[in-house]
Amino acid sequence: MNLIELFKAVLFGVIEGITEWLPISSTGHMILFNEFMPLQVSEEFYSMFEVVIQLGAILAVVVIFWNSIFPFQKPPYDPRRIRTGLISYLRMDIVMLWLKILVACVPAAVIGLLFNEKFEALFYNYTTVAIALIVFGIAFLIIETRHKGKRARVNSLEEITFQLALLIGVFQLIAAIFPGTSRSGATIVGALLLGVSRTVAAEFTFFLAIPVMFGASLLKIVQFGFHFTGMEVAILLTGMIVAFVVSILVIKFLMGYIKKHDFKVFGWYRIILGIVVLLYFGLIAK
């Protein structure tokens with residue numbers, strides 16, 4: 001077994017676990033990292049790997065927010081309660097949340113299924129990543145400056161309407177097309193523009209990632225087929241496990257961070273990284 005490739009998988013897992021939840025683009029960082037330290041695997045496997053590794057990060061959300069997303073929970077004892085059977089365990093507020101999440105997934109799901117391969121061929125390169133990093137970095141700075149001191153109109157998940165969920169989903173579509181945008185970054189920016197509080201925007205973004213990434217991962221695995229080599233299985237599982245562990249830490253950090261800080265620091269990071277990438281690869285090209 002090639003220990004060097006497994007070590008690279010660990011690094012990919014660390015990068016994924018950090019960048020999936022911070023609004024700085026996980027796909028963009030992995031594309032860039034693969035330029036410097038590429039995995040010695042087939043193009044088909046890597047195309048699948050950079051998507052499916054995100055399942056590890058998604059499972060971290062499921063673990064941390066289980067009580068907020070699992071609709072079947074034992075109700076508190078109430079002698080006046082009439083409902084019995086399975087229905088008595090169903091929390092309708094969580095059911096409604098999932099319906100809104102599914103509505104928000106529609107734009108990216110439809111466009112992704114139809115044009116995913118074309119988008120990858122056109123936009124999965126360092127130039128697009130760098131430009132997207134810079135553009136959305138500037139967007140963060142502008143939006144946070146404009147929203148400073150303003151009170152959000154939506155301060156809980158229950159207040160998100162189906163129409164609002166669909167609009168947030170349209171912002172997610174931007175990230176599905178342009179790597180480097182950041183799925184979390186796009187949805188958080190969109191939610192802030194639509195009057196959602198920073199904390200609620202982040203939570204809805206986390207939950208929105210669950211069906212999106214499960215669906216994208218399933219699609220990639222089906223496209224790749226199930227003819228994995230032993231080394232490919234080891235690389236994929238290593239990346240996913242590391243991404244899961246790192247994501248647990250990053251999500252807890254971010255939820256604490258956004259209660260006291262805005263996203264400007266991530267905006268500046270994106271801009272600086274984008275400029276460095278353009279300069280570096282521009283010099284290489286010469």
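Predicted model: local features only at pLDDT ≥ 70, side-chain atom pairs only at ≥ 80, totals over all residues.
Me: What share of the residues is buried?

Reply: Buried means under 20% relative accessible area. Here 52% of the 286 residues fall in that class.

Me: How does the radius of gyration of the chain compare with that of a compact globule?

Reply: Start from the chain length. A compact globule of 286 residues would have a radius near 19 Å, and the chain has 20 Å, so the two agree. Along the principal axes, the C-alpha atoms fill a box of roughly 75 × 50 × 35 Å.

Me: Which residues have the most contacts inside the largest nonpolar core?

Reply: A nonpolar core joins buried residues through side-chain atoms within 4.5 Å. The largest one has 54 residues, and W21, F204, F206 and F207 have the most contacts inside it. Several helices supply at least two residues each, among them α4 (54-64), α6 (92-123) and α11 (230-257). The most comes from α10, with eleven residues.

Me: What does F206 touch beyond its neighbours within four places in sequence?

Reply: F206 is in contact with W21, V61, F65, I251, L254 and M255. Another core lies apart from the largest one. That other core has 21 residues, including L39, M48, F49 and I53.

Me: How many side chains are positive, and how many negative?

Reply: The chain has 22 positive and 17 negative side chains. The centres of the two sets lie 13 Å apart.

Conventions:
Residues numbered from 1 in each chain as written. Heavy atoms only, no water. Buried < 20%, exposed > 50% of the residue type's maximum accessible area, 1.4 Å probe, protein only. Helix = DSSP H or I, 4+ residues; strand = E, 2+ residues; numbered from the N terminus. Contact = heavy atoms within 4.5 Å. Rg over C-alpha atoms; globule rule 2.2 N^0.38 Å. Lys, Arg positive; Asp, Glu negative; His and termini not counted. Charge placed at Lys NZ, Arg CZ, Asp CG, Glu CD.
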